[in-house]
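Work through the exercises below with the sequence and the model side by side. Try each task before reading its solution.

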Amino acid sequence: MSEWCLIESDPGVFSDLVRGFGVSGVQVEEIYSLDDESFDAIKPVYGLIFLFKYEQSSGSDDAKQQAGTVVKTYPEDVFFAKQVINNACATQAILNLLLNTKSAQVKLGTVLDTFKEFTKSFDAQTTGLAISNSEPLRKVHNSFARHQVFEFEEKLATKSEDLFHFVGYMPVKGRLYELDGLQEGPIDHGAVGDDWLGKARDVIQARIGSYAGNEIRFNLMAIIADKREKYEAEIARLKDIVGSEAELELAKYQSLLAEENAKWHKYRADNIRRRHNYMPLLINLMQVLAEQGKLTQFYETAKARTAEVQKAHPDKS
């Protein structure tokens, strides 16, 4: 079974990941606050992706689910896959959400349509194995791997190391489901109406609160409708309308589209930098510094500064 890399929890990475799978009509947006205004600004929301510190001690993370019941028997058309391979939980969370999305605006594309059809009769364990053995999915996921000079022997995390995990939240058949690949099935958090985000917010807040202020490293992202498609449709509609009010609206959407295009341009630039192998440049730079007799001087200066920092902040050394 081929390995999967760790990927960064970043909306640019996740948006590009979704595009790499061939999905159109969606993007991933980071959420910085759980207030109503933050959710209203990005609607429609198809699903939420929540990153949190995973507790390894027996039973402790189950307790942090707060409410909810693991559903082991669920409708056949509900997609759920167990995670059977390390480092794949980001892609796992995205797939669990995308393959349950019913919006006509979301086009899964050939790769995911084929995968969904192929696995429709599988149980959660077998579906997880299908993900781990899917070369198209693994290739896109691993395209975000960071280059490194040295290969380190793979080892299991020790109790002192922090592990982080992605789960998804979305409405499924009138119920709020938490889709966690480490569970035996979806976690049912109860009935919801059109405003399912309110219930999801309560569940997420309860989970954050269960850490009793001892942990602040959380990340929340949303799978939403592609803003550029929305703005382009509004611009096309307003161009046929005469009047000053329409002109103001047109200017507003043109400005919003420009901002969104600039954001995607930054995403692309950032992801190119993430994928680029800078090690040959760094090695050549050190060779040049050594030839000029400056490498040892820079090393000693850096070593002295590090010692100063460690002396000033012994708790961080």
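Predicted model: local features only at pLDDT ≥ 70, side-chain atom pairs only at ≥ 80, totals over all residues.

Residues are numbered from 1 along each chain as its sequence is written, and side-chain values use heavy atoms, with hydrogens and water left out.

**Exercise 1.** Find how many residues of helix α4 are buried, and which residues of the largest nonpolar core touch the most other members.

Solution. 
1. Buried means under 20% relative accessible area (1.4 Å probe, protein chains only). Helices are DSSP runs of H or I with at least four residues, numbered from the N terminus.
2. In α4 (residues 89-98), ten of the ten residues are buried, so the helix is largely enclosed by the rest of the structure. Among them are Cys89, Gln92 and Leu98.
3. A nonpolar core is a set of buried Ala, Val, Leu, Ile, Met, Phe, Trp, Tyr and Cys residues joined through side-chain atoms within 4.5 Å.
4. The largest such core has 47 residues, and Phe14, Leu98, Leu112 and Phe166 touch the most other members. Helix α4 gives the most to this core, with seven residues.

**Exercise 2.** Describe the lining of the second largest pocket by residue class.

Solution. 
1. A pocket is an open set of points on a 1 Å grid over the protein atoms alone, where a 1.4 Å probe fits, with protein on both sides within 12 Å along at least five of seven lines; lining residues have an atom within 4 Å of a point.
2. The lining holds 19 residues, with Glu76, Val78, Thr119, Lys120 and Phe122 nearest the centre.
3. By class, the lining has seven nonpolar (Ala, Val, Leu, Ile, Met, Phe, Trp, Tyr, Cys, Pro), eight charged (Asp, Glu, Lys, Arg) and four polar residues (the others, Gly among them).
4. Helix α5 gives the most to this lining, with four residues.

Methods:
Helix = DSSP H or I, 4+ residues; strand = E, 2+ residues; numbered from the N terminus. Buried < 20%, exposed > 50% of the residue type's maximum accessible area, 1.4 Å probe, protein only.
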